[in-house]
Amino acid sequence: MTPNILVVDDEKDMTRLLQRTLEPELNCRVTMAFSGEMALNILGLADTTFDLVISDIRMPEMDGFDLLEQLKQRYPDLTVVMLTAYGNIESAVTAIKKGAYDFIAKPFEQAEIIFKIRKALERSRLISENRRLQKACQTESLPLIGQSPAMHKVFEKIALIADSDVTVLITGESGTGKDLTARSIHALSPRKNKPYIPINCPTIPEHILESELFGYKKGAFTNAYRDKTGLFQEADHGTIFLDEIGDIGPNIQTKLLRVIQEKEVKPLGDTRVDHVDVRIITSTNQDLPQKIKDKEFREDFFYRLSVITIELPPLRDRVTDIPLLCDHLLVKNCEKLNKPAKHLSENVMDLLMKHPWPGNVRELENVLVQGILYSTSDTIGLADIPIDKNGPNDFVSMNFGKDIGQLTYKEAKESILTQFNHNYIGAMLSMTKGNITQAARRCAMDRQALQQIMKRYAIDPEKFRNKPS
């Protein structure tokens, strides 16, 4: 689309010079205005939108600063470049402080103004594209739900990268919606009408994963009775989502690195290679930098995967989204279970807002499913959901081991601290499967400091390492 530029200057020769300079060089359309008032009238016309305003500062009646102030109030995203007399740096600095994107000193060199205006138009294009994708996020019924500031950041990042083909690494705890995020990126991308193929890497044995990803020829191995097309070939021109990429072994890492670099795959037992055009999105809940240090994950592969990283917030960091999520999950699961519509009692919602949700949205959905099944009316009450009604912060529920009246202040405080540290650090170790380094990072502590606390309160990481996931 041809960009539209509005040039505002009371010197008509200057506006015509800019028109003659910019239109052939930038393939744009320049409209001229000879005063601030005329510029506002032109911008107010409904049939034209402008990508950029170039305005002189010194004009009679409404000067450039007044015009800039009006533009920022009416069109806050509009890019404005100011023209100022040579050497008048003070005015230029004032213009930038008032919201101008850049300034150009008069008289100007042609190369300089072309360079600066091209940059300004690129900014306008990015703002427009970002706004379009954010609108699409809100209107295209994407599976991700949330209105919290943390989720707004996620949506902004999705909107920013959806239109490109860069590889994306999605990180976050289990149950935070990594697959839904990958689906959202695909749904907003130019590949949305092509295949989206998700693969949960740990569920497929490594010797089978390779043949599933890249395909094989008949006779390539025992039981290879016919040719099989790989998932990468099936995803050609679409998106492939490799869930839990941190669990794959070095052999597959090397072969996937080749796919990213060369955009080609070689089926097992075949001498030919297939060229593929596939966007790769991966996810993990593991600490990949630590796995690189432990020689379990290739560093060059990591950097190829993480051109853009999206970190999903845990549910405890976006509790304001819980009512919205509950509404969505209740409707979805009542229909799925063939149950009449149900809603939560105020007590239940209050309890859900206080729960720590170590299993994130997946745990919330499980709780709501049980509530739907157990409730006998259209209201889900406290008795219908499997959560400790007293909650972790209820003073009455604290187990002092004996009557609180028999404890000194020091003994009661020590008892509470012991419970807190076992519960809190235990939860962190449970989520990291006993990995102290990762747990310390979640606690925002040094590893050594966490170890000292664990030693003081006799918290054994081994029992978390042995827990089934």
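1. Asp-9 is buried, with a relative accessible area of 0%. Buried means under 20% relative accessible area, exposed means over 50%, and partly exposed lies in between (1.4 Å probe, protein chains only). Asp-9 pairs with Lys-106 in a salt bridge, with the closest N and O atoms 3.5 Å apart. Lys-106 lies in strand 5 (residues 102–106) and Asp-9 in the loop between strand 1 (4–8) and helix 1 (12–26), so the pair ties together parts that are 97 residues apart in sequence. Lys-106 is buried too, at 14% relative accessible area. Asp-9, Asp-56 and Lys-106 are linked in a network of salt bridges.

2. A note on the model and the terms. This is a predicted model: local features need pLDDT of at least 70, side-chain atom pairs count only at pLDDT 80 or more, and totals for chains, interfaces and linings use all residues. Residues are numbered from 1 along each chain as its sequence is written, and side-chain values use heavy atoms, with hydrogens and water left out. A salt bridge is a side-chain nitrogen of Lys or Arg within 4 Å of a carboxyl oxygen of Asp or Glu. Helices (H or I, at least four residues) and strands (E, at least two) are DSSP runs, numbered from the N terminus.

3. How many salt bridges are there by this rule? The count comes to 22. Side chains of opposite charge can pair when their charged atoms come close.

4. Take Glu-210 and Lys-255. Their salt bridge has its closest N and O atoms 2.2 Å apart. The pair links distant parts of the chain: Glu-210 sits in helix 8 (residues 206–214) and Lys-255 in helix 10 (residues 250–262), 45 residues apart. Is Glu-210 buried or exposed? Glu-210 counts as buried, at 10% relative accessibility. Lys-255 is partly exposed, at 31% relative accessible area.

5. Asp-227 and Lys-217 also meet through their side chains, in a salt bridge of 3.3 Å, N to O. Both residues lie in the loop between strand 8 (215–216) and strand 9 (228–229), so the pair ties together parts that are 10 residues apart in sequence. Asp-227 is partly exposed at 44% relative accessibility. Lys-217 is partly exposed at 26%.

6. Now the surface. Leu-337, Leu-373 and Tyr-374 make a nonpolar patch of about 290 Å². Patch residues have over 30% relative accessible area and no salt bridge; like charges are joined within 9 Å, nonpolar side chains (Val, Leu, Ile, Met, Phe, Trp, Tyr) within 5 Å. Tyr-374 lies in helix 15 (residues 360–374). Tyr-374 is exposed, with a relative accessible area of 52%.

7. Next, the annotation. The unreviewed UniProt entry gives residues 144–373 as "domain: Sigma-54 factor interaction". Such annotations may be inferred rather than shown by experiment. The span is 44% helix and 15% strand, and its end C-alpha atoms lie 25 Å apart.

8. Last, the whole protein. It has 19 helices and 16 strands. Its radius of gyration (taken over C-alpha atoms) is 30 Å, whereas a compact globule of 469 residues would have one near 23 Å. The globule rule is 2.2 Å times the number of residues to the power 0.38. Of the 469 residues, 44% count as buried. Among contacts (heavy atoms within 4.5 Å) with a separation of 6 or more, 68% join residues 24 or more positions apart.

Note on methods. Accessible areas come from the Shrake-Rupley method with a 1.4 Å probe; for residues, only the protein chains shown count as cover.
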